[in-house]
Amino acid sequence: MNKIAAWRFSGLMLVLYALQATQIALAESDLVPGRLITGTITYWFVGHLGQTDDEGRLLIWEAKIEGDIQGKMKWWFVNPPPATDITYTGGRLTFYAARWELWSEEELLMAGESAGKTNFRDGADGIWDGHGRVTQANGMYKPLKGRLVYETGPVILGSDPPESFSGTGVFQIY
């Protein structure tokens with residue numbers, strides 16, 4: 001084998017080793033498609049502040065998320081909601097459609113759409129449940145674009161509802 005061929009072969013082998021290391025790193029990453037990504041969210045109601053986005057959605061919830069993903073989350077609700085409240089014997093269901101966002105400092109890491117409901121039994125805390133999809137992902141979160149989302153948790157009434165609504169729940173990307 002002459003020197004030029006040996007250098008080309010060595011260069012090719014170096015590139016192949018680098019690609020293999022990249023594949024191993026991606027396979028071990030928490031953000032690889034197919035792996036369930038879970039965060040615990042601690043959320044509080046901010047709808048009474050009246051903050052809206054450029055599309056007229058009202059900021060209803062903010063949260064801190066910890067776990068496989070970390071940062072601050074926001075839920076901007078579409079108004080009017082996709083369905084009117086349903087009252088039943090012993091409680092009511094409220095519905096929502098929203099844009100959610102995950103932020104770290106001033107950087108938007110990812111965002112998506114979700115919709116769901118909150119079930120409030122008369123005089124009791126509620127249970128919130130929603131589903132959605134990641135529609136925007138930046139940087140290392142790009143592999144998550146298109147993945148499905150599940151969000152759930154209690155809505156604790158507090159001492160002065162709705163301003164005192166809060167809770168701790170789960171946000172999952174699957």
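# A first look at a predicted chain

Setting aside its neighbours within four places in sequence, Thr152 is in contact (heavy atoms within 4.5 Å) with Trp128, Asp129, Gly169 and Val170. This is a predicted model, in which local features need pLDDT of at least 70, side-chain atom pairs count only at pLDDT 80 or more, and totals for chains, interfaces and linings use all residues. Residues are numbered from 1 along each chain as its sequence is written, and side-chain values use heavy atoms, with hydrogens and water left out.

**The chain as a whole**

- The protein chain has 1 helix and 9 strands; helices (H or I, at least four residues) and strands (E, at least two) are DSSP runs, numbered from the N terminus.
- Starting at the N terminus, the order of elements is α-β-β-β-β-β-β-β-β-β.
- Of the 174 residues, 37% count as buried, where buried means under 20% relative accessible area, exposed over 50%, and partly exposed in between (1.4 Å probe, protein chains only).
- The accessible surface comes to about 10,300 Å², and 58% of it belongs to carbon and sulfur atoms; such areas come from the Shrake-Rupley method with a 1.4 Å probe, and for residues only the protein chains shown count as cover.
- Among contacts with a separation of 6 or more, 49% are between residues 24 or more positions apart.

**More about Thr152**

- Thr152 is found in strand β8 (residues 148-155).
- With a relative accessible area of 18%, Thr152 is buried.
- The side chain of Thr152 reaches the backbone oxygen of Trp128 at 2.7 Å.
- Thr152 and Ile127 are 25 residues apart in sequence, yet their C-alpha atoms are 7.5 Å apart in space.

**Strands side by side**

- Strands β1 (residues 37-45) and β2 (residues 58-67) run antiparallel and are joined by 7 bridges; two strands pair if DSSP finds at least two bridges between them.
- Across this pairing, Gly39 stands opposite Gly67 in β2.
- β2 also runs antiparallel to strand β3 (residues 71-77), again with 7 bridges, and a hairpin of 3 residues connects β2 to β3.
- Leu58 has Phe77 in β3 as its bridge partner.

**Charged pairs**

- The whole structure holds 6 salt bridges, each a side-chain nitrogen of Lys or Arg within 4 Å of a carboxyl oxygen of Asp or Glu.
- One of them joins Lys72 and Glu62, with the closest N and O atoms 3.3 Å apart.
- This pair links distant parts of the chain, with Lys72 in strand β3 and Glu62 in strand β2, 10 residues apart.
- Lys72 is partly exposed at 36% relative accessible area, while Glu62 is buried at 13%.
- Another joins Lys117 and Asp129, whose closest N and O atoms are 3.7 Å apart.
- Here Lys117 lies in strand β6 (residues 107-121) and Asp129 in strand β7 (residues 126-137), 12 residues apart.

**Glu101 and its surroundings**

- Glu101 sits in strand β5 (residues 91-104) and is buried, with a relative accessible area of 8%.
- Its side chain makes a polar contact with the side chain of Trp103 at 2.9 Å; a polar contact is a pair of N or O atoms within 3.5 Å, and within protein one must be able to donate a hydrogen and the other to accept it, while residues adjacent in sequence count only if both atoms are side-chain atoms.
- Beyond its neighbours within four places in sequence, Glu101 is in contact with residues including Lys72, Trp76 and Met110.
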